Amino acid sequence: MSAFANVSRALRILRTLGTHDAMYVLDRVPLPPAARWLARLAAGRPKAEFAALRPGQCLAEAVQAMGPSFIKFAQTLSTRPDIVGADIAADLALLRDRLPPFASAEAKEIIEREFDQPLDMLFAQFDDQPV
C-alpha cells in the first residue's frame, strides 16, 4: 500500500473518531504533544448528536462507521476490560450482539476493493446468506 493511501486512511480514521466524539482514545497512546495537537486538528469537531453519549458508545458508533475490520477489533477489545476499562468494554460488547446486518453485495465490494482482486479469485465459495 502506498504512503499516500496510508495517510489517507489515517485521516479518515481520525475524522471518524473526531466526528463521533471518540478522540479520547488518543489520550491512551503515547504521542508527542505536537502529534496529538495535529491529530485533533485533523479530526475536526464532533457532531452534537454524540455529546450526550458515554465515551464507549461514541467509540462503538465510530467503529461501526469505519467498517467490518474495525468492528471485529472492537469486539475483541470488548472482552478486555483490563485494557479499555469496564465501562468502555461494556459499550463495545453491544457490537457483538446488536449489530445491524448489511448486504452481502456490500461485503463483496469491500473485500474486492481491499484485496484488489475479484471475489472468485480469493474464495472457492462465498455464501450470500449471513450467519
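**A friendly note on the pockets and a helix pair**

1. Helix H7 is the main contributor to the lining of the largest pocket, giving eight residues. This is a predicted model, where local features need pLDDT of at least 70, side-chain atom pairs count only at pLDDT 80 or more, and totals for chains, interfaces and linings use all residues. Residues are numbered from 1 along each chain as its sequence is written, and side-chain values use heavy atoms, with hydrogens and water left out.

2. On confidence (pLDDT, the predictor's confidence in each residue, from 0 to 100), the protein has a mean of 89, with 98% of residues at 70 or more. The lowest mean is 87, in H7 (residues 104-115), and the highest is 94, in H3 (residues 55-66). Helices here are DSSP runs of H or I with at least four residues, numbered from the N terminus.

3. Back to the largest pocket, whose volume is about 1100 Å³. A pocket is an open set of points on a 1 Å grid over the protein atoms alone, where a 1.4 Å probe fits, with protein on both sides within 12 Å along at least five of seven lines; lining residues have an atom within 4 Å of a point. The volume is the space filled by probe spheres set on the points. Among the 33 lining residues, Gly67, Pro68, Ser69, Phe102 and Ile110 are closest to the centre.

4. The second largest pocket holds about 440 Å³. Its 19 lining residues include Val25, Leu59, Phe73, Leu77 and Val84, which lie nearest its centre. H4 gives the largest share, five residues.

Key. Helices (H or I, at least four residues) and strands (E, at least two) are DSSP runs, numbered from the N terminus.
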